[in-house]
Amino acid sequence: MMETGNGGFSAAGLRRLRDVLARHVESGRIPGLVALVGRGGEAHVEAIGTMRHGGGAPMRRDTIFRMASTSKPVAMAAAMVLLDECRLRLDDPVEPWLPELADRRVLKQADGPLDDTVPARRPITVRDLLTSTFGLGMDMTALGSPIMGAIFERGLTPDLPEPMPGPDEWMRRLGTLPLMHQPGERWQYQISHDVLSVLVARVTGQSFETFLRERIFDPLGMKDTAFHVPADRIDRLPALYAPDPRTGEFTVWDEAEGGRWSSPPAFQGGGGGLVSTADDYHAYFRMLLNGGMHGSERILSRPAVELMTTNRLTPEQQAARHAMAADNVHLSFGQGQHGGWGFGMAVRTYRGDYASVGQFGWDGGSGTSTYADPDKQLTGILLTQVGMSVPDPARLIHDFWTTLYQAIDD
């Protein structure tokens, strides 16, 4: 399925892009995908394969996908609106809204017993949450430690058999744990984004989704972006697969009808809860490339966008973040080797592959990848229904970005 003009891509390059994507689908390892590449006002879309493993309805441009961690760069916009309006300040402590995070204790050693702690040197600030440095997170280098075990046991992360509890109960459980690191010291993945969801809701007096809808989704025309899929659209949501890492056998991790996204969740998590489409995400990333503007309407200030989309980490923090990707290739399959991190997204600080320095965005464990490149003024969005339990979706994502960049022609 081909859409609109070539807009800065060569015809031969786009053919190669389609051929490479089709090859992944024909291998049998990726049932279907939707890919969008955009430059300037032009978008080129490929919808290849089927909604289910082994056949079924074809993928379409408006297929709805579970965005997983590619929720992070979009959900972050809610906090940026509050910064723009001075309803939050970067270096204010979060305790007035999140009293559960007052008077923190910090583990003497990140992998030590939960009762061997020292007092936090300072309160947790808004900036610590925005940069994912507030002191707790999913640390793939610390799996098996008491604190990581406690995080899983308390249902503080998505993707586990137990759904996350409502925001107040979730915060209460989080507040019973010590921090792994002093506030502001170390970059850590995931949990800060869900804390931000609660913070935004408490500051605004609205649900996180309602605020996002009023300030981001509706103004951008993101009509299919939400925390669940209503019944009249559920036929557009494919099953999500998590193939067995040992045998490669396809197992359904989440069905569409009656599945986790078929009804509103107790917890609207900015870390990974959104569903969306290629066109909705294209609108959002184009807005970021346009410095916060959507047509003639301003969604975010230019400085807010610049803060989000440029590296915020110190060299020491970047080294730890790079190690998480480079030293855990068996888990990350090489995803995340960009160097830097802004607010809610990776920022490329060195030229490690075809992409330009300054490219920003993120990948999701459900087989999604969304980035924009200010230098080349391009966006790329790749959406599948195969989870990262196996390397196949990550290899597809790598090939998508390679072929997208080789198709540039100007």
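Q: Which residues form one aromatic cluster?
A: One aromatic cluster is formed by Trp187, Tyr189, Trp341 and Trp362. The model is a predicted one, in which local features need pLDDT of at least 70 and side-chain atom pairs count only at pLDDT 80 or more, while totals for chains, interfaces and linings use all residues. Numbering runs from 1 along each chain as its sequence is written, and side-chain values use heavy atoms, with hydrogens and water left out.

Q: Why is the aromatic pair of Trp187 and Tyr189 called tilted?
A: The structure holds 14 aromatic pairs, and in the one formed by Trp187 and Tyr189 the distance is 6.0 Å centre to centre, with 35 degrees between the planes. Rings of Phe, Tyr and Trp (its six-membered ring) pair if their centres lie within 6.5 Å, and planes under 30 degrees apart count as stacked, over 60 as edge-to-face and the rest as tilted. The 6.0 Å therefore makes Trp187 and Tyr189 a pair, and the 35 degrees makes that pair tilted.

Q: How do you know that Trp187 is buried?
A: Trp187 has a relative accessible area of 4%, and buried means under 20% (exposed is over 50%, partly exposed in between, with a 1.4 Å probe and protein chains only), so Trp187 is buried. Tyr189, with a relative accessible area of 12%, is buried too.

Q: What lies over the face of Trp187?
A: Arg321 lies there, at 5.3 Å from the ring centre. A charge sits over a ring if NZ of Lys or CZ of Arg is within 6 Å of the ring centre and within 35 degrees of the ring normal. The charged end of Arg260 likewise sits over the ring of Trp253, 3.9 Å from its centre.

Q: What makes the pair of Trp401 and Tyr405 tilted?
A: The ring centres of Trp401 and Tyr405 are 6.4 Å apart and their planes stand at 40 degrees, so the pair is tilted. Trp401 and Tyr405 both belong to helix H12, where they are four residues apart, about one turn of the helix, and both are buried.

Q: Which residues lie nearest the centre of the second largest pocket?
A: Of the 18 residues that line this pocket, His338, Arg348, Asp353, His398 and Trp401 lie nearest its centre. Strand S15 (368-373) and helix H12 (392-406) are the elements that give two or more residues to the lining, and H12 provides the largest share, five residues. The space in the second largest pocket is about 250 Å³.

Q: Which residues line the largest cavity?
A: The lining consists of Lys72, Ala75, Met76, Ala78, Ala79, His193, Leu196, Val200, Phe208 and Gly270. Helix H2 (71-84) and helix H6 (191-204) are the elements that give two or more residues to it, with the largest share, five residues, coming from H2. About 70 Å³ of space lies in the largest cavity.

Q: Why does Thr117 count as buried?
A: Thr117 counts as buried because its relative accessibility is 13%, which falls under the stated limit. Thr117 lies in strand S6 (residues 117-119), and its side chain is joined to that of Arg105 by a polar contact of 3.0 Å.

Technical notes: 1 Å grid on protein atoms, 1.4 Å probe; cavity = no way out; pocket = protein on both sides within 12 Å on 5 of 7 lines; lining within 4 Å. Points joined across faces, edges and corners; volume = space filled by probe spheres on them. Polar contact = N/O pair within 3.5 Å; in protein donor to acceptor, adjacent residues only side chain to side chain.
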